[in-house]
Amino acid sequence: MTSYGNGSDAPSRLRLRTDGPPPAGQVPGVAPPPEEAAQPSEALLPEAVFDAQQVAVFYGPKEALTDVSLKIRRGQITALIGPSGCGKTTFLRSLNRMNDSVPGFRIGGKILYHGYDMYAGNVDRVEVRRRIGMVFQKPNPFPKSIYDNIAWAPRNLGLRSGLDERVEKALRGAALWDEVKDRLKDSAFGLSGGQQQRLCIARAIAIEPDVLLLDEPASALDPIATGAIEDLMHSLKGRFTIVIVTHNMQQAARVADRTAFFSLQAGGAGAKPVGTLIEFDDTQAIFGQPRDPRTRDYVSGRFG
Amino acid sequence: MSGPAAVPDPAAPLTPSGNLRRRQAVSKLTEYAATGAAVLAVGVLAIVIISVIQRGASAISFDFLVKGGPDGIGPMLVGTGVIVGVATLIAAPIAILIALYLTEYAGQRFARAIQMTLDVMNGLPSIIIALFIFGLLVVGKKQSGIAGSIGLAIIMVPLIARGTQEILLLVPKAQREAADALGVARWRTVLTVVLPSALGGIATATVLAVARAAGETAPLLLASSTFDGSSYHLNPFEALPNVPIRIFQLSEDPNPEAVAEAWGLSLVLVTLILIASLSARVLLARSKRKMGGS
């Protein structure tokens, strides 16, 4: 399953562009010249953590996502934006195989993680998630104490030595330590929504994953808590490779190095529209000089 | 079309018009019938309990509770405790594992088949189970408490399994997802996240099954009815004195004192079962609150 007909010429142009290395080392704020950007050699770019090649996702007979090719690079924050139902969360959940438990899930194309095919037969899901952490849309702490929420995974993964330090480091990393250090034994349910979400991020980074996947982590939070999460992302940048799905375009513009715009495109004859990657570029380019008219319409609010 | 216009006259007074009166009458009638049925259910329970108290209370005394037969019931209480205790030790682990399999591992179709099996098992007449145990463990050997326990365990397994399954389904999917996303193996998640959350509910299901089993007569009739009720017995490999059979024996006795004792013993049994059921409900309510979280 590698080739899919598509009704638009944009994806093919896009594939050309993402297969070749994108411009890197841009000074923030300075948008690259859109079309004839200098293409530095692959060696100058951070290593590709994920290399998605013509990924398609099916739920049963329904194709949810088609023809996504992009590279997610080490230490960067990559945002996935686009309208509802365009497959961004599906793509995100394919990056740590969380979709495997969805009945009827099938994937086409390839996702390489540090060069290894993530969906090869010998790949263990549990090991995948050990390295690729995930934070969900709704905060989902365990019904345990704040301390035990963080300590649970390290304990179960055999990282028992220095547990107290590990918990403190994770909570500091998630900018939550000062708020909870005096009540580590209290139930996590006593925290506010924003604090719970930061707790979930702390829980994810406590086992020092390689990648952090964030699925609309701030969509259930108020603007102040959202701000805290965004600050947190800035402070985690570099330590972790971060992929974030967001509906909030300002958020993508504020936190992401690179932004991928997903949208629906008409399928083949009579087929339902299916989500796909429209454009993937530096965040400033996506919001400043988008090359695809659909991206331009979406980021300027004229989406239809 | 006769009667009022489809659109009521805005100037008309706000009193029932059209067939509203009739609809209100039907509505009231339904309400009364439903209320009556509910009252009847509570009433039957109340009448049973009141008559048991009335006739049984006079028989209750300290001696009655601790002495052996024919004047006391101590050995029967202890015997029933042993039989039901052993039954619980057999049934609870199996039932909890079944429930875990159903909620955490089984595919949908297979889960439904097993679920139906459990429901059928739950509806199995206890005398059939008794006969099965009798043929398997008693014929050619001798009656024993353990045979009774196994019979009761067969009655308890579907009750505990279904109760546990329901409570496991209440554990939010988000918690399992969170655990999955942390790269921890499933069985560790089950052991350290799912089960602790569900513990209260599992205890409730078990206590309710115990309450049900404590009064089951049929399996004990065939497996543990030839006991010596005059002294305490603890060895489950012989016929153990027990409450339901003792009530049965006493109520068959022409001696009015024995009948009074039967009522007294019934009162003790009903009280124990009520306490167990009520505390189970309280436990369940508390654990559900805890699980609901935020």
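In β5 of chain A, Tyr116(A) is the bridge partner of Tyr113(A). This is a predicted model, in which local features need pLDDT of at least 70 and side-chain atom pairs count only at pLDDT 80 or more, while totals for chains, interfaces and linings use all residues. Residues are numbered from 1 along each chain as its sequence is written, and chains are lettered from A and ligands numbered from 1 in the order in which they are written. Helices (H or I, at least four residues) and strands (E, at least two) are DSSP runs, numbered from the N terminus.

**The sheet of chain A**

- Chain A holds an open sheet of 10 strands with mixed pairing. Two strands pair if DSSP finds at least two bridges between them.
- The strand order is β5-β4-β1-β2-β10-β9-β3-β8-β7-β6.
- β5 (116-117) and β6 (132-135) of chain A stand at the edges with a single partner strand each, so one side of each has no neighbour in the sheet.

- β4(A) and β5(A) run antiparallel and are joined by two bridges. They form a hairpin with two residues between them. In its turn, His114(A) has a positive phi of about 50 degrees.
- Strand β4 (residues 105-113) of chain A also runs antiparallel to β1(A), with eight bridges joining them. Here Arg106(A) in β4(A) stands opposite Phe58(A).
- Strand β1 (residues 48-59) of chain A is joined to β2(A) by eight bridges, again antiparallel. Arg73(A) in β2(A) stands opposite Ala48(A).
- The hairpin of β1(A) and β2(A) has two residues between the strands. Gly60(A) takes a positive phi near 60 degrees there.
- β2(A) and strand β10 (residues 274-282) of chain A run parallel, joined by two bridges. Thr66(A) stands opposite Thr276(A) in β10(A).
- Strand β2 (residues 62-73) of chain A is mostly covered, with 10 of its 12 residues buried. A residue is buried if 20 or more other C-beta atoms lie within 10 Å of its own, exposed if 12 or fewer, and partly exposed in between, with C-beta atoms placed from the backbone.

- Strand β3 (residues 77-81) and strand β8 (residues 241-245) of chain A pair in the parallel sense over four bridges. Leu80(A) stands opposite Val245(A) in β8(A).
- Leu80(A) is also among the residues that touch the most other members of the largest nonpolar core, which has 85 residues. Others in that group include Val243(A) and Leu213(A).
- A nonpolar core is a set of buried Ala, Val, Leu, Ile, Met, Phe, Trp, Tyr and Cys residues joined through C-beta atoms within 7 Å.
- Not counting residues up to four places away in sequence, Val243(A) touches several residues, including Ile72(A), Leu80(A) and Leu213(A).
- A second, separate core has 64 residues, among them Ala87(B), Ile96(B), Ile150(B) and Leu284(B).

**Helix α4 of chain A**

- Eight of the 11 residues of helix α4 (residues 146-156) of chain A are buried, so the rest of the structure largely encloses this helix. Trp152(A) and Pro154(A) are among the buried ones.
- These buried residues pack against α5 (163-173), α6 (177-180) and α7 of chain A, together with α8 of chain B.
- Just after α4(A), Gly158(A) takes a positive phi of about 80 degrees.

**Chain B**

- Chain B has 11 helices and zero strands.
- Its radius of gyration, taken over C-alpha atoms, is 26 Å. A compact globule of 294 residues would be near 19 Å, by the rule of 2.2 Å times the number of residues to the power 0.38.
- The C-alpha atoms of chain B fill a box of roughly 85 × 65 × 35 Å along the principal axes.
- Buried residues make up 37% of the 294 residues in chain B.

**Where the chains meet**

- 18 residues of chain B are in contact with 20 residues of chain A. Contact means that C-beta atoms, placed from the backbone, lie within 7 Å.
- On the chain B side, α7 (173-181), α8 (186-214) and α11 (256-292) are the elements that give two or more residues. The largest share, six residues, comes from α7(B).

Key: Two residues are in contact if their C-beta atoms, placed from the backbone, lie within 7 Å.
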